[in-house]
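Let's take a walk through this structure together, one neighbourhood at a time. Have the sequence and the 3D view ready, and follow along as the residues come up.

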There are 2 protein chains.
Amino acid sequence: MPQDIPMEQLIVETAERLFLEKGFAMTSTTEIAKEIGCNQALVHYYFRTKAKLFEAIFEKKIKLFIGPFIDLYRDDVPFEEYLRSMIEKHFDLIKANPKIPFLFFNEMLTNPARMEYFRTKLSELPRSVLAKMEGKLQAEIAQGHIRPLSTFDLMISIFSLNVTLFMMAPMVQQGFNLSDREMEQLIEHRKSENVLIILRSLRPLIENENH
Amino acid sequence: MPQDIPMEQLIVETAERLFLEKGFAMTSTTEIAKEIGCNQALVHYYFRTKAKLFEAIFEKKIKLFIGPFIDLYRDDVPFEEYLRSMIEKHFDLIKANPKIPFLFFNEMLTNPARMEYFRTKLSELPRSVLAKMEGKLQAEIAQGHIRPLSTFDLMISIFSLNVTLFMMAPMVQQGFNLSDREMEQLIEHRKSENVLIILRSLRPLIENENH
DNA sequence: GAAATATTTAATAGATCTATTAATTTCATG
DNA sequence: CATGAAATTAATAGATCTATTAAATATTTC
């Protein structure tokens with residue numbers, strides 16, 4: 001029925017939407033086919049198993065998610081500015097794909113096998129990102145511009161602040177009865193809030209601060 | 001087989017463990033019964049449907065999770081100290097029940113019906129917590145001790161930092177090959193880190209800070 | 001200890017789901 | 001337009017899952 005989109009692509013797109021909406025377990029190949037209006041065997045004709053279909057989608061999404069950080073590093077820009085830009089890019093990326101973090105957590109936590117599978121696949125990407133950050137960060141620390149801190153800690157803080165907002169978003173919007181416009185404002189406000197929180201967290205320690 | 005625990009309790013405990021491990025959809029009443037070693041019909045004898053069993057557990061867990069905040073508020077303690085203690089209590093609570101946040105997100109996001117169901121049930125609790133915080137926070141702002149900020153923003157930041165660590169924990173531990181002892185140290189470190197991040201984020205704005 | 005009640009099991013209906021196979025249709029190409 | 005390949009469907013085997021019912025067993029109570 002849908003105009004002229006190749007069936008294989010149609011299946012991927014539909015599966016993508018349903019997997020993101022309801023997770024792997026609660027989405028059936030039957031439902032994917034029904035949604036498209038094609039025979040259920042066709043899903044298996046193109047992808048053989050539901051797991052393979054899922055993995056193809058999952059891998060693509062994760063790469064799309066990590067990719068933008070590979071070539072983010074610029075040497076000619078002050079650290080604080082670089083960091084601000086990185087936090088905002090990360091934030092915008094999640095904003096554009098708000099359901100990926102949940103899919104990620106969902107599959108990693110409920111299916112240890114998949115976790116092992118993707119641990120090997122994806123371990124280089126985060127490592128290269130971390131390595132790039134590491135040098136600059138330690139230099140700043142050595143100069144006394146920011147407090148001693150591991151790249152890992154910094155990344156966890158950024159990730160936590162950016163990701164959780166979007167995992168909570170549906171509940172927040174419904175719970176507080178926010179219009180789409182209001183929600184959009186809330187989100188943009190949180191972006192600058194997160195930048196402020198992170199930048200402040202890096203400042204050199206002052207007397208008596210750590211308890 | 002298990003010594004002298006009433007069957008109903010045994011079912012709840014087993015279901016609890018499995019639901020937390022694998023979520024609602026991927027846990028079957030058949031599996032719960034098999035785990036215990038009893039007949040599968042017994043699960044339905046006590047709880048009629050899988051959904052009712054789940055809801056009983058879910059509700060209990062959420063209450064356990066929000067409860068500690070009800071009577072947290074003390075008037076005789078400086079705001080910063082109060083806040084530190086609240087962040088740490090929240091953190092420890094998640095540490096003691098690290099899988100609840102995921103269960104919460106999982107069910108809220110994949111099952112809109114359940115979301116509606118619990119929205120009504122749980123809306124008073126967060127509201128009362130928020131209300132308690134609100135007064136003190138606004139007073140501090142009026143006095144110029146902290147920057148203008150909504151209670152909502154503060155709560156989101158605390159929640160984000162505290163929760164995400166534990167959602168990531170299994171991946172972090174496996175990905176970096178950390179021993180239980182090392183993981184424990186990492187967690188405790190993050191607790192003080194989160195306190196520091198939040199407290200710093202509240203300080204009054206300085207010249208030119210918000211871009 | 002017998003009757004009544006509660007718990008547990010066996011059996012199964014009815015749904016649904018994954019994956020396969022064989023048959024059918026569509027389509028490109030000589 | 002005939003033929004072979006590709007795409008699609010129909011049909012179905014085999015698993016599993018939820019929920020119910022009736023029968024069997026255990027427990028309480030008189």
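Start at B:Ile32. Leaving aside neighbours within four places in sequence, this residue is in contact with B:Ile11, B:Thr14, B:Ala15, B:Leu18, B:Thr27, B:Val43 and B:Leu53, where contact means heavy atoms within 4.5 Å. Before going further, please keep in mind that this is a predicted model, in which local features need pLDDT of at least 70 and side-chain atom pairs count only at pLDDT 80 or more, while totals for chains, interfaces and linings use all residues. Residues are numbered from 1 along each chain as its sequence is written, chains are lettered from A and ligands numbered from 1 in the order in which they are written, and side-chain values use heavy atoms, with hydrogens and water left out.

A nonpolar core is a set of buried Ala, Val, Leu, Ile, Met, Phe, Trp, Tyr and Cys residues joined through side-chain atoms within 4.5 Å; buried means under 20% relative accessible area, exposed means over 50%, and partly exposed lies in between (1.4 Å probe, protein chains only).

Now step back to look at chain A as a whole. Its secondary structure comes to ten helices and zero strands, with helices (H or I, at least four residues) and strands (E, at least two) taken as DSSP runs numbered from the N terminus. Of the 211 residues of chain A, 47% count as buried. Among contacts in this chain between residues at least 6 apart in sequence, 70% join residues at least 24 apart.

How do the two chains meet? The contact takes 51 residues from chain A and 51 residues from chain B. The area buried between them is about 4900 Å², of which carbon and sulfur atoms give 64%; buried area is the accessible area (1.4 Å probe) that two parts lose on being put together, summed over both. A:Leu109, A:Met171 and A:Arg200 supply 13% of the area that chain A buries against chain B, more than any other three residues.

Between chain A and chain B the count is eight salt bridges, a salt bridge being a side-chain nitrogen of Lys or Arg within 4 Å of a carboxyl oxygen of Asp or Glu. One of the pairs is B:Glu209 with A:Arg200, at 2.7 Å from N to O. On the side of chain A that touches chain B, α9(A) gives the most, with 16 residues. Another salt bridge joins B:Arg190 and A:Asp153, whose closest N and O atoms are 2.6 Å apart. This pair crosses between chains, from helix α10 of chain B to helix α9 of chain A. B:Arg190 counts as buried at 1% relative accessibility, and A:Asp153 counts as buried at 5%.

Other salt bridges lie inside chain A. The side chains of A:Lys61 and A:Glu16 meet at 3.0 Å, N to O. A:Lys61 lies in helix α4 (residues 50-66) and A:Glu16 in helix α1, so the pair ties together parts that are 45 residues apart in sequence. Both of these residues are buried. A:Lys61 turns up again as a contact of A:Asn97, together with A:Leu64, once neighbours within four places in sequence are left aside. A:Asn97 sits in the loop between α5 (79-96) and α6 (100-110) of chain A and is buried, with a relative accessible area of 14%.

Finish near the end of chain B. B:Leu202, in helix α10 of chain B, is buried, with a relative accessible area of 4%. Among the residues that B:Leu202 touches are A:Arg200, B:Phe79 and B:Leu149, not counting residues up to four places away in sequence. B:Leu205 is placed in the segment after α10 (180-202) of chain B and is partly exposed, with a relative accessible area of 41%. B:Leu205 and B:Arg147 are 58 residues apart in sequence and 5.7 Å apart in space, C-alpha to C-alpha.
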